[in-house]
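Here is a short report for a reader meeting this structure for the first time. Please look over the sequence and the model before reading on.

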Amino acid sequence: MRYAKSAVAALTCALVMLPAGAAHAGSGPAAPSAQPAPSATAPSPEGNPLSPRAKAAGVCPDARQIGATAYVDRNGAHIASVKQFYSPQCQENYAYLWVWQSYRDVTPSYDVGLGVYSYDRDAVLGTVSAKGTHQQEFWSRGTDTVRECTSALGAVRTPGDPLADQARTEKRC
C-alpha cells in the first residue's frame, strides 16, 4: 500500500511538472471478462479499444476491462473514471481515463495523467499526460506487465488547484 501511495504521489508530481502543450497516449492480466467486444469506433465511458484515440495509443483491439472501475472525485462528486484493460492477444495492460461530461461542462481545461502501476517494480509504466486539455478519453501506452501485480492510476488537476484529484483501480495479480 505504501508503494502505491508513493506511485500516485509521483504521478501527481509529474503531472504538475508537465510542460504546456505536452500530450501522450496508451495496460494488467486477470480472468477474462464477460464484457462483449465493442463493434463501433465511438469512444465511451466503458472504454472502447477500437476508438480513434485507442488506436493512436496502440491499444490492441481485443483489450477488455479487468477489475472494478475506480473514480476520481472532486468535492464529493465523480469527475472521471479509471479502468485497467488487458489484451490477451498483445499480452499488454493499459490504463484508461474517462473524464465525465458533467465536469467538462463546467471546466474548460484541465490536466490529466495516467499509467499502470507495477507493484513488482514499484514503478508507474506506460504513462500519458496532457496539460490544459478538454479531451474526454485517454489511454496509456501498453505495458509488459501481464505477469505482475498491477493497478491503473488516473489523476485530474483542475486549474487553480495545487494538487490533482486521483484514483487507482484494485490490485490485480
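Asn75 is exposed, with a relative accessible area of 72%. (Buried means under 20% relative accessible area, exposed means over 50%, and partly exposed lies in between, with a 1.4 Å probe and protein chains only.) Asn75 is not a glycine, yet its phi is positive, at about 50°. Most residues other than glycine have a negative phi. Asn75 sits in the loop between strand 1 (64–74) and strand 2 (77–87). Strands (E, at least two residues) are DSSP runs, numbered from the N terminus.

Asp122 also has a positive phi, of about 55°, and is not a glycine. Its loop runs between strand 4 (110–118) and strand 5 (123–133). Asp122 is partly exposed, with a relative accessible area of 38%.

## How the model is read

This is a predicted model, in which local features need pLDDT of at least 70 and side-chain atom pairs count only at pLDDT 80 or more, while totals for chains, interfaces and linings use all residues. Residues are numbered from 1 along each chain as its sequence is written, and side-chain values use heavy atoms, with hydrogens and water left out.

## Salt bridges

Side chains of opposite charge can pair when their charged atoms come close. How many salt bridges does a search of the whole structure find? The search finds 6. A salt bridge here is a side-chain nitrogen of Lys or Arg within 4 Å of a carboxyl oxygen of Asp or Glu.

Asp111 takes part in a salt bridge with Lys131, at 3.7 Å from N to O. Asp111 lies in strand 4 and Lys131 in strand 5, so this pair ties together parts 20 residues apart in sequence. Asp111 is buried, at 4% relative accessibility. Arg157 forms a salt bridge with Asp111 as well, and their closest N and O atoms are 2.9 Å apart. Arg157 belongs to strand 7 (residues 150–157) and Asp111 to strand 4, so the pair links parts 46 residues apart in sequence. Arg157 is buried, at 15% relative accessibility. Lys131 is partly exposed, at 29%.

Glu170 and Arg172 meet through their side chains in a salt bridge of 3.5 Å, N to O. Glu170 is partly exposed, with a relative accessible area of 37%. Arg172 counts as buried, at 19%.

## Nonpolar cores

A nonpolar core is a set of buried Ala, Val, Leu, Ile, Met, Phe, Trp, Tyr and Cys residues joined through side-chain atoms within 4.5 Å. The largest one has 19 residues. Val72, Val82, Leu97, Val99, Val112, Phe138 and Val156 touch the most other members. Strand 1, strand 2, strand 3 (92–99), strand 4, strand 5 and strand 7 each supply at least two residues of this core. Which strand gives the most? Strand 4 does, with 4 residues.

Now take Val82. Leaving aside its neighbours within four places in sequence, its contacts (heavy atoms within 4.5 Å) include Thr69, Ala70, Val72, Tyr96 and Leu97. Among the others are Ala152, Leu153, Gly154, Ala167 and Thr169. A second, separate core has 10 residues, including Ala54, Cys60, Tyr94 and Tyr96.
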